[in-house]
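Student: I have a chain to go through and would like to work from its folds and contacts. Can we take it step by step?

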Amino acid sequence: MIDRDSAVDELLDVAVGALGGARRDGQHTMARAVAAALRTGEHLLVQAGTGTGKSLGYLVPAVQHAVHADERVVVSTATLALQRQVLTRDLPLVADALAPHLPRRPDIALLKGWHNYVCLHKVEGGYPADDQGSLFDLPEKAGAAEHPSAGGSGPGALGQQVVRLREWAQETDTGDRDDLVPGVSDRAWRQVSVTSLECMGSVCPKLDECFPERARGRAREADVVVTNHAMLGIAASGSPNVLPEHQVLVVDEAHELADRVTTQATAELSLPVVQHAARVARRHGGVPAADLEAAGEALAGVIVPLREGRFPGGLPDDVHSAVAAVRDAARTLLSLLRPEPGSPGGAAPADGGRKVAQSAVLTLFETAERMTSEPQDAARTVLWCARGEDRSGAVTTRLHAAPLAVNGLIRTQLFAGRTAVLTSATLALGGTFDPMARSVGLEQRPDLEPEGPTTVPGADPAPAVAVTGPMRWRGLDVGSPFDYPKQGICYVARRLPPPGREPATDAQLDEIEALVRASGGATLGLFSSRRAATAAAEAMRERLDVPVLLQGDDQLPTLVAQFAADEPTCLFGSLALWQGVDVPGRACRLVLIDRIPFPRPDDPVRSARADVVAASGGNGFMAVSATHAALLLAQGAGRLVRGPGDKGVVAVLDPRLATARYGEFLARSMPPFWRTTDRDVAVAALARLRDE
């Protein structure tokens with residue numbers, strides 16, 4: 001063990017030196033723990049605070065293991081941006097640094113979803129051009145598009161972007177959308193890309209030049225494959241072949257995994273969805289779609305009057321019948337779209353247009369079938385009705401279906417038969433790894449006693465090993481290099497009344513004014529809703545003479561850059577700011593949180609999950625709502641200290657953090673700042689920091 005740990009330490013020092021960094025104890029502790037997990041096959045949850053350097057903490061032992069053991073490692077990140085960072089900066093430097101110390105140079109590959117690559121066959125006219133009612137007109141899943149639109153969105157701008165895309169397609173070596181600078185709008189990209197269901201596969205005349213096929217071929221040969229959580233969501237939802245065979249899975253920003261899998265597994269049914277499938281079936285598949293169109297109109301007739309909300313007992317009878325009619329009409333179209341057994345190419349589609357039609361109708365059929373499943377299957381599905389505006393501003397009524405739980409999918413589809421390493425700055429909620437472990441299918445079985453505690457050399461004693469069937473896991477907190485009690489204050493405004501229905505009370509606005517004035521700006525305002533952020537921003541613009549930016553005024557990266565560049569500037573916003581904003585230095589010395597970020601009571605998936613916990617005798621509020629709030633609080637408060645010299649105040653304007661029974665659970669999830677409920681203390685500290 002000592003020799004192995006020493007070897008990992010030496011390799012980590014080599015990599016850190018190559019990056020021009022310094023030795024960090026937590027990073028070495030993490031690297032040893034990851035190396036030990038890869039040897040034993042035990043799943044590992046590692047909480048690594050900001051500044052630990054967790055990327056190197058898992059990349060060095062992962063690369064070493066991949067080469068020495070000849071076992072492929074898949075590294076997944078939460079976003080395409082983090083994926084680019086790992087692939088273009090961290091991993092190449094690790095590979096270069098370790099290559100002289102390994103039997104051979106590690107081979108690295110990138111893998112994304114099919115639609116992230118240009119389709120050469122579509123560029124050359126092998127697929128029909130999208131209509132105005134294309135897939136990108138429909139509401140997108142959260143996180144589906146991480147590429148900011150470039151330029152205008154009118155017909156002229158779209159045409160210019162498509163022309164540039166076609167020229168780029170003849171020059172690019174990768175076909176990867178991220179390699180196109182500047183980028184283009186989603187609608188323009190749709191003109192040159194296809195989904196995996198639309199791909200013609202082995203009969204495509206451009207198969208030998210196909211960019212996504214090349215990417216998958218490289219991934220099947222690589223030692224380390226970098227992908228993202230959206231791909232894990234596809235794999236967990238029943239398409240495991242989207243990933244190459246691998247023995248090790250490393251999940252960075254693992255606190256987002258369960259939500260990403262849930263999002264990927266959520267389906268939607270609405271009149272525009274049905275109309276789109278019928279249109280492409282008729283125009284590009286050459287089959288009559290009158291029955292499907294009629295079924296869509298009938299569906300709209302029964303769902304438009306519905307109230308928004310969840311259907312705990314399944315779809316109402318009339319809605320069930322309407323969805324079943326859509327299902328049956330889609331099934332008929334699928335049979336018409338299949339080529340005759342004796343046709344040229346056998347069972348292959350005749351052309352790209354028919355493949356697009358098959359894809360649209362198949363997706364529709366599977367969604368409708370899922371919503372009308374047998375009662376025993378429906379019990380595992382959350383069904384609800386919601387309304388929202390499409391891109392034209394029209395209000396659309398939609399039915400949604402999501403899995404009641406995804407921990408079983410993650411356990412069986414992602415973790416079974418391989419070693420999983422999950423890491424994030426926020427994995428231990430309320431001081432324990434149990435909530436996060438449960439969310440990814442690593443529950444501890446009540447009939448088994450935990451084995452004795454295990455430790456990593458040089459680390460604090462770790463929690464007991466938890467056993468779940470054949471799966472063993474251990475949680476390890478390697479801490480942070482920052483001295484949180486000396487660098488930050490957590491001020492809870494205990495004297496304020498609890499938040500109500502209004503977006504912001506006069507008392508809250510007075511509190512915000514006093515804190516921001518003392519800080520001289522330099523404030524990141526994290527609000528529970530867009531309405532609350534807007535109300536606070538408008539009030540502070542009237543009361544204060546510091547610039548106040550508001551989420552939505554411009555693209556988020558532009559706003560964050562402006563916030564970081566001008567010390568007095570404040571930035572207010574909602575959920576998008578709670579994670580991922582990294583502004584070290586004097587530009588951010590006050591983080592405001594208007595209220596505990598509990599999920600909305602009418603959130604269909606979380607309310608359904610809470611009901612299940614309560615029905616089994618548990619505390620649904622603590623298991624679902626409090627855990628969700630703890631994670632967001634930890635992420636939001638973590639925006640304050642991003643470097644060793646950062647100092648400031650996190651101000652929570654919700655007294656329940658100090659007065660409610662669950663308050664301590666939430667507070668233990670946040671960085672261990674020095675706590676106070678005295679506003680004068682917080683104001684004085686901010687004034688001192690302002691004048692330094």
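**Backbone, cores and charged pairs**

Tutor: Ala522 sits in the loop between helix 19 (506–519) and strand 14 (523–526). The model is a predicted one.

Student: What is the phi of Ala522, and is Ala522 buried or exposed?

Tutor: Most residues other than glycine have a negative phi. Ala522 is not a glycine, yet its phi is positive, about 50°. Its relative accessibility is 0%, so Ala522 counts as buried.

Student: Where is Asp70, and is Asp70 buried or exposed?

Tutor: Asp70 belongs to the loop between helix 3 and strand 2 (73–77). Its phi is also that of a residue other than glycine with a positive value, near 55°. The cut-off for exposed is over 50% relative accessible area. Asp70 has 60% relative accessibility, so Asp70 counts as exposed.

Student: Which peptide bond is cis, with omega near -5°?

Tutor: Most peptide bonds are trans. Pro182 lies in the loop between helix 6 (155–169) and helix 7 (186–190). The cis bond with omega near -5° runs from Val181 to Pro182.

Student: How many helices and strands does the chain have, and what percentage of its residues is buried?

Tutor: The secondary structure comes to 26 helices and 19 strands. The chain has 692 residues. Of these, the buried share is 55%.

Student: Among contacts between residues at least 6 apart in sequence, what percentage joins residues at least 24 apart?

Tutor: The count takes contacts in the chain between residues at least 6 apart in sequence. Those joining residues at least 24 apart make up 77%.

Student: Which residues does Leu666 touch, not counting residues up to four places away in sequence?

Tutor: Leu666 is among the residues with the most contacts inside the largest core. With residues up to four places away left out, Leu666 touches Ile596, Phe598, Ala626, Ala629, Ala630, Leu633 and Leu657.

Student: At what angle do the axes of helix 9 (residues 229–236) and helix 16 (residues 407–415) cross?

Tutor: Two packed helices are described by the angle and the distance between their axes. Leu232, Ala235 and Ala236 in helix 9 meet Leu409, Gln413 and Leu414 in helix 16. The two axes come within 9 Å and cross at roughly 95°. That makes helix 9, relative to helix 16, roughly perpendicular.

Student: How many residues apart in sequence are the parts tied together by Glu253 and Lys54?

Tutor: The side chains of Glu253 and Lys54 form a salt bridge at 3.2 Å, N to O. Glu253 is in the loop between strand 5 (248–252) and helix 10 (257–264) and Lys54 is in helix 3 (residues 54–69), so the parts tied together are 199 residues apart. Both Glu253 and Lys54 are buried.

Student: Arg310 forms a salt bridge with Asp611; how many residues apart in sequence are the parts that the pair ties together?

Tutor: The closest N and O atoms of Arg310 and Asp611 are 2.6 Å apart. Arg310 lies in strand 7 (residues 309–310) and Asp611 in helix 22 (residues 604–615), so the separation in sequence is 301 residues.

Student: What are the relative accessible areas of Asp654 and Arg656?

Tutor: The side chains of Asp654 and Arg656 meet in a salt bridge of 2.6 Å, N to O. Arg656 is partly exposed, with 21%. Asp654 is buried, with 0%.

Student: Which residues are linked in a network of salt bridges?

Tutor: The whole structure holds 37 salt bridges. The residues linked in a network are Arg84, Lys112, Asp176 and Asp178.

Student: Is Arg589 buried or exposed?

Tutor: Arg589 lies in the loop between strand 16 (570–573) and strand 17 (590–593). Beyond its neighbours within four places in sequence, its contacts include Ala522, Glu567 and Arg690. With a relative accessible area of 3%, Arg589 is buried.

Methods. Residues are numbered from 1 along each chain as its sequence is written. This is a predicted model: local features need pLDDT of at least 70, side-chain atom pairs count only at pLDDT 80 or more; totals for chains, interfaces and linings use all residues. Side-chain values use heavy atoms; hydrogens and water are left out. A nonpolar core is a set of buried Ala, Val, Leu, Ile, Met, Phe, Trp, Tyr and Cys residues joined through side-chain atoms within 4.5 Å. Buried means under 20% relative accessible area, exposed over 50%, partly exposed in between (1.4 Å probe, protein chains only). Contact means heavy atoms within 4.5 Å. A salt bridge is a side-chain nitrogen of Lys or Arg within 4 Å of a carboxyl oxygen of Asp or Glu. Helices (H or I, at least four residues) and strands (E, at least two) are DSSP runs, numbered from the N terminus. Axes are lines fitted to C-alpha atoms, for helices over the stretch in contact, and angles run from 0 to 180 degrees between N-to-C directions. Angles under 35 degrees count as roughly parallel, over 145 as roughly antiparallel, 65 to 115 as roughly perpendicular and the rest as oblique.
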